[in-house]
Structure formats: structure tokens, C-alpha cells
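Please take a moment to look over the chain shown below before reading on. The paragraphs that follow walk through its pocket, its core and its aromatic rings.

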Amino acid sequence: MKKGIKNQLSMGLMLSLLVLLLAACGNSAKAEETTNGNAGTKELSLTEIESKAKEEGSVISVGMPDSWANWKDTWSDMSSKYGLTHSDTDMSSAEEIAKFDAEKDKPTADIGDVGIAFGSVAVDKGVTQPYKTPYWDEIPNWAKDKDGNWIVGYQGTISFLTNTKLVANPPKSWEDLKNGNYKIIVGDVTKAAQAQMAVLAAAIAFGGDESNIEPGIAFFEDLAKKGRLSNAEASLANIEKGEVEVTLLWDFNALNYRDQINKVGFAVAIPKEGSVVSGYATIINKYAPHPNAAKLTRQYILSDEGQINLAKGYARPIRDSVTLPDDVAAKLLPKEEYVNAKPVGDYKVWEETAKTIPQLWQERVLVHLN
């Protein structure tokens with residue numbers, strides 16, 4: 001379960017900013033009526049979407065619980081600003097897509113949040129409807145479907161979380177990690193997407209990519225032979241108990257864990273040679289009972305206010321132009337740490353590569369741990 005900080009924004013300031021934003025976005029949306037998705041249907045301006053969303057009166061999400069990436073504040077804002085009631089059922093990305101498909105004749109959900117690798121799966125399944133929003137041009141190409149069927153709302157990068165009471169010189173690079181004398185936890189590479197991404201991050205750092213995982217496997221094989229890998233679970237409880245010296249995690253998880261346990265007792269770093277960037281994307285149910293409320297929600301998530309809400313939950317905004325308040329920016333790492341972090345270029349290729357990792361990990365790495 002992802003964690004989130006639940007601080008409240010100032011409602012007065014939020015309302016003022018939103019009024020200005022909606023006015024500007026309304027004009028932009030009208031200007032982009034022929035390009036903002038929903039091909040074959042009449043495009044609505046943002047003002048019209050907002051009006052119809054209020055008539056619908058509700059938005060029902062899946063996989064977007066209050067505790068994940070601070071969705072709590074977004075749902076609170078959707079209620080206070082647009083009068084929308086909200087409910088969520090937490091589930092995995094695969095389950096969200098299956099639910100959309102299974103309920104096509106009697107739909108109950110409007111919008112979901114899936115790992116980026118599942119965006120194309122949802123499109124192939126035919127359960128999405130496009131909506132680009134006026135922020136379309138600000139979204140990196142790697143973070144959106146060309147037709148607007150899925151759009152990343154926030155991003156994460158594989159990082160090092162180090163207990164500084166146990167490790168005097170926290171690693172800032174893969175080379176530091178290689179030359180240290182402490183134990184490292186990667187997670188369950190045979191099952192967990194985050195752990196597999198850690199292997200891909202190492203591969204990228206040493207010249208590989210989603211089609212060439214060998215540099216990453218070789219890196220961890222060497223650590224395993226030296227007795228440097230721990231097979232303990234990369235859980236908050238284990239980290240808090242001091243059973244973990246260095247853990248590889250998404251940065252939003254690492255920063256959240258650090259602040260939950262002891263901010264001054266842990267260090268978080270993006271490995272300087274390279275890492276992998278990924279993200280989570282909203283998908284709007286093709287059969288959504290409240291389609292305009294779902295579109296308005298996506299619009300709000302990508303707005304400055306929505307991006308700040310996510311950053312308060314340690315999720316880095318997908319829009320670079322968003323200026324975070326100082327106290328929110330202080331929760332995240334400086335942008336300079338991400339210069340060598342790269343997104344997956346082709347998720348279909350990565351999907352095939354990921355299938356080979358469990359066996360490689362068993363034969364090349366786990367065999368040295370016992």
C-alpha cells in the first residue's frame with residue numbers, strides 16, 4: 001500500500017487559484033475541441049464538462065484510496081469545489097481493468113489509477129475512453145497514450161533508502177553500493193514490480209535497457225556472491241526495526257518511509273549513474289456511469305492544485321511547470337538528482353523481458369543467498 005501525507009491546503013487560496021485556473025483552462029479547452037480526445041463524439045469545453053459533472057453528482061474510483069499518493073486531498077477538493085461525492089475500492093491495476101471489462105453492461109466505476117505498464121493493456125482490452133485535458137502538451141510523450149486513453153499523473157524513480165545510523169556514508173551511486181560493506185534489500189524480484197524495476201534501474205546505469213537486463217542481473221549476482229544481499233522483506237516494519245541498512249525503493253516510498261520513521265536518521269538518493277522512471281496513469285472507464293465527473297477528476301489531477309496534492313504524498317508531479325510551495329518541495333529530492341533517470345522506452349518489450357527475470361534471478365542470484 002502506498003502511503004500519503006494528509007495535510008490540508010488552504011481552502012481560500014485553493015479556491016482563488018482554481019477560479020483563475022478554470023477560467024484559463026476553459027478557454028484552452030475550447031480552443032482544443034478537435035484534439036482533446038473522444039474522437040467521434042461531440043467535444044465538450046471544460047466549462048461544459050464541469051456543469052455535466054455536477055449534474056452527475058458523483059465519481060467512483062478504483063485503486064485510488066485516500067492513503068495512496070495523498071488522494072485524500074484530491075477527493076476532498078472534488079467534493080468542496082464541485083459537490084461530487086466519492087467512493088473508492090482499492091485494487092490492483094490488473095483488477096481495475098478486469099472490473100471495467102466485466103461490468104461493461106452494468107458499470108459501477110468511473111476512473112482508475114494503474115501502473116503505466118497497464119495503460120496499453122487497458123487500451124487493448126477496449127475499456128478506456130480518451131480525454132486529453134488542456135495540459136496535454138505538458139505531459140512527456142513517454143507518460144501518455146497518443147489518443148489520451150491513459151495519462152500519467154505522477155512519477156516515481158528507483159532510489160536508495162539508507163539507515164544512516166548503520167551506514168556512515170550513504171551510497172549515492174551504484175558504484176558506492178558495489179563497494180560498501182552493508183546488506184542491501186531489493187525485494188522479491190520474482191514477484192514484485194518495484195523490485196524488478198530496481199534490477200532494470202541497475203541495468204540502465206550500466207548500459208542496458210528494457211530489452212537488455214543482463215547488466216542489472218550481473219550487478220546483483222556479484223553482490224549475492226559477496227554475501228551482500230538480504231532476502232528480508234523491504235517492509236516499513238523491518239526498516240524501522242533497523243534490520244535493513246540499504247533498501248531499493250521507489251523514491252515516493254523511500255521519502256515517505258523516511259519521514260514516517262525518523263527524517264534525520266535516513267538518507268534517500270537517486271543513483272547518479274542512472275535509474276528508471278515510471279509512473280501511474282489514470283484510465284477513464286469507457287462505460288463510466290459518471291463520465292464527465294471522471295474527466296473533471298483527470299483534469300483536476302493534472303492541474304497545479306492536483307499536482308501539489310500528489311506531491312504532498314511524495315509523488316513527483318508529471319508537469320515540470322508546476323511550482324510547489326516550499327514546504328511541499330522540501331518533501332521531495334532536488335530535480336538535479338534525476339538527470340540520469342530514464343523512462344522505459346517500450347513497455348511491450350519490458351513486459352516480455354520482465355517474464356524472464358524470475359528464472360534469471362533464481363539461477364543467478366538466489367542460488368548464492370543460502
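**From the pocket to the core**

In this predicted model, the lining of the largest pocket is made up of 24 nonpolar, eleven polar and ten charged residues. The pocket has a volume of about 1,200 Å³, and of the 45 residues that line it, Ala-192, Ala-193, Gln-194, Trp-250 and Tyr-280 lie nearest its centre. Among the elements that give two or more residues to this lining are helix 7, strand 7 (246-250) and strand 9 (275-284). Trp-250 and Tyr-280 also belong to a cluster, linked by ring pairs, that includes Trp-68, Trp-71, Trp-75, Tyr-154 and Phe-252.

In soluble globular proteins, nonpolar side chains tend to be buried together. Here the largest nonpolar core has 104 residues, and those with the most contacts inside it are Trp-174 and Phe-220; helix 7 (residues 193-205) contributes ten residues, the largest share of this core.

The structure holds twelve aromatic pairs. In one of them, the rings of Phe-160 and Trp-174 have their centres 5.1 Å apart and their planes at 85°, so this pair is edge-to-face. Because Phe-160 lies in strand 4 (residues 150-163) and Trp-174 in helix 6 (residues 174-179), the pair ties together parts that are 14 residues apart in sequence. Trp-174 has a relative accessible area of 0% and is therefore buried. The rings of Trp-174 and Phe-220, with centres 6.3 Å apart and planes at 90°, likewise form an edge-to-face pair, which links helix 6 with helix 8 (residues 214-225) across 46 residues.

Notes:
Residues numbered from 1 in each chain as written. Predicted model: local features only at pLDDT ≥ 70, side-chain atom pairs only at ≥ 80, totals over all residues. Heavy atoms only, no water. Core = buried A, V, L, I, M, F, W, Y, C linked by side-chain atoms within 4.5 Å. Buried < 20%, exposed > 50% of the residue type's maximum accessible area, 1.4 Å probe, protein only. Helix = DSSP H or I, 4+ residues; strand = E, 2+ residues; numbered from the N terminus. 1 Å grid on protein atoms, 1.4 Å probe; cavity = no way out; pocket = protein on both sides within 12 Å on 5 of 7 lines; lining within 4 Å. Points joined across faces, edges and corners; volume = space filled by probe spheres on them. Nonpolar A, V, L, I, M, F, W, Y, C, P; charged D, E, K, R; others polar. Phe/Tyr/Trp six-rings, centres within 6.5 Å; stacked < 30°, edge-to-face > 60°.
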